[in-house]
Number of protein chains: 4
Amino acid sequence: MESTTEIRVRYAETDAMGIAHHSHFIVWMELGRSDFLRNLGKSYAEWEAEGVRLPVNGVSLTYRAPARYDELVLVRTSLASANRRHLAFSYRIEREGLLLAEGESRHLVAGADGRASVLPDAMLALLGGKLSPGGGSAPDPS
Amino acid sequence: MESTTEIRVRYAETDAMGIAHHSHFIVWMELGRSDFLRNLGKSYAEWEAEGVRLPVNGVSLTYRAPARYDELVLVRTSLASANRRHLAFSYRIEREGLLLAEGESRHLVAGADGRASVLPDAMLALLGGKLSPGGGSAPDPS
Amino acid sequence: MESTTEIRVRYAETDAMGIAHHSHFIVWMELGRSDFLRNLGKSYAEWEAEGVRLPVNGVSLTYRAPARYDELVLVRTSLASANRRHLAFSYRIEREGLLLAEGESRHLVAGADGRASVLPDAMLALLGGKLSPGGGSAPDPS
Amino acid sequence: MESTTEIRVRYAETDAMGIAHHSHFIVWMELGRSDFLRNLGKSYAEWEAEGVRLPVNGVSLTYRAPARYDELVLVRTSLASANRRHLAFSYRIEREGLLLAEGESRHLVAGADGRASVLPDAMLALLGGKLSPGGGSAPDPS
């Protein structure tokens, strides 16, 4: 499954180079991830209400071309791997078919107290069928 | 009492006009307020730990001149009014003596649950002696 | 004319009080203003391409209720006043009909070099017919 | 050479998990890089004035522990590689000796027009002697 999120570049997101500041791509990845979970049938707000947090424990991002104020960019989000303790998402950020950036985020599963936890079975099942073709159910180290 | 906070303009704070985006002045006011309370002897982090929140219920800001990347700006923060239920701070943001912006923020007193509350007497006493000459102990409507 | 802009609260916009940080409302006002101009028939990106800038020279905002992660908020934007040298917009930010905040922004007209300038007649004409009922064509001091 | 930058976590940088949002670490890396160049004897603002830009073309970051409001974090910045067309910096973000995050940023050399360019010899010489022990003068592909 791939989820798509359309984002219009905000003036507040531009910098003195006249382009969207690179740190905002990290936020756009988060918006893509948020929509991915919503499209799966349970929003991250609902996950939180059930006591599950997915704190980010790693990001990587390669920039290919800039985005400018008022442009519409598209974030394509896929689930790269999932097990009871870790999730990873991959992202392609495009504008009119042109690749602007590619990235990945890695997440721990945590409880409402922020401590490491495990994903409830129902959530793992929900995610399990949605791994991207390139992805795999990462071996669960626990 | 006036508290001063030095801030170096971040590249991430600039926008496509080549100047610090106006929304960041609101954050700089918050940094000034944070230092004002720290200088008073109890940081806002300590207020929070004791169950007191000061949510913002109003801001106003007039911009006189822009700030640019890497410039050092100075936030001068004063307590404009204080009673058991409301606080107000005023700010002058300068660069090398040039006034860049003047603003004010108004705050409710709330508890850890976010609901309206009253300021503990010790905190009100701490603030009471620090009103700016132009300010006054606003009549407490409660 | 009133323009409406729907915004979903980003996780990155929340703060440790669990609500959208007040500084982001300033950015949401900018999104509302951007859509207002787009709906008028000429986006701010097009204004910029024609050498017109509208730097903010004042904002004021009163907060009535918080916004939380993933909520949909609506920004209602109106033109409060317009002349060759100044514009002002007013904003109501709502969630499901509940008023969250009311604000105003004031703008100078500037050229591509950032210096004070005057609005081209065609743009003033475009704006002139769209003043909100409560607004007026502010007397032009120049 | 290693440069250190002290940053106090802003309230505006926290999120609803009660910790600094992960995207701000990217901005903190930028502050570290900015100080690294300043300590080298020529600030990035001066590089820009001489027509050199260092747009980011990649970032990666691994998070080890969270940062909270008002905490003082330290960014340790090193130059990982440098040639006429590319630079890379590495970062360790700590709080009281505890490692919070490790990251890297990769940069293109560009001119004032944003197009790929080459680093002036004087700047390359300035950087050349400051590579971190682990780094190397990356072979220049051009």
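This is a predicted model: local features need pLDDT of at least 70, side-chain atom pairs count only at pLDDT 80 or more; totals for chains, interfaces and linings use all residues.
Q: What pattern of helices and strands does chain A follow along its sequence?
A: Chain A has three helices and six strands. Read along the sequence, they come in the order β-α-α-β-β-β-β-α-β.

Q: How compact is chain A for its 142 residues?
A: The globule rule gives 14 Å for this length. The radius of gyration of chain A is 16 Å, close to that value. Chain A is therefore as compact as a globular protein of that length.

Q: What does the C-alpha trace of chain A span along its principal axes?
A: The span is taken along the principal axes of the trace. It comes to about 45 × 30 × 25 Å.

Q: What share of the contacts in chain A join residues at least 24 apart?
A: The contacts counted are those between residues at least 6 apart in sequence. Of these, the share joining residues at least 24 apart is 68%.

Q: How far apart are the mean positions of the positive and negative charges of chain A?
A: Chain A has 16 positive and 18 negative charges.

Q: Is C:N57 buried or exposed?
A: C:N57 lies in strand 3 of chain C, residues 56-63. Its relative accessible area is 19%. Buried means under 20%. So C:N57 is buried.

Q: Is D:M29 buried or exposed?
A: D:M29 sits in helix 1 of chain D, residues 23-40. Not counting residues up to four places away, D:M29 touches D:S60, D:L61, D:Y91, D:I93, D:G103, D:E104 and D:S105. Its relative accessible area is 1%. The cut-off is under 20%, so D:M29 is buried.

Q: How far apart in space are D:M29 and D:V109?
A: In sequence, D:M29 and D:V109 are 80 residues apart. In space, C-alpha to C-alpha, their separation is 18 Å.

Notes
Residues are numbered from 1 along each chain as its sequence is written. Chains are lettered from A and ligands numbered from 1 in the order in which they are written. Side-chain values use heavy atoms; hydrogens and water are left out. Helices (H or I, at least four residues) and strands (E, at least two) are DSSP runs, numbered from the N terminus. Buried means under 20% relative accessible area, exposed over 50%, partly exposed in between (1.4 Å probe, protein chains only). The radius of gyration is taken over C-alpha atoms; the globule rule is 2.2 Å times the number of residues to the power 0.38. Contact means heavy atoms within 4.5 Å. Lys and Arg count as positive and Asp and Glu as negative; His and the chain ends are not counted. The place of a charge is taken as NZ of Lys, CZ of Arg, CG of Asp or CD of Glu.
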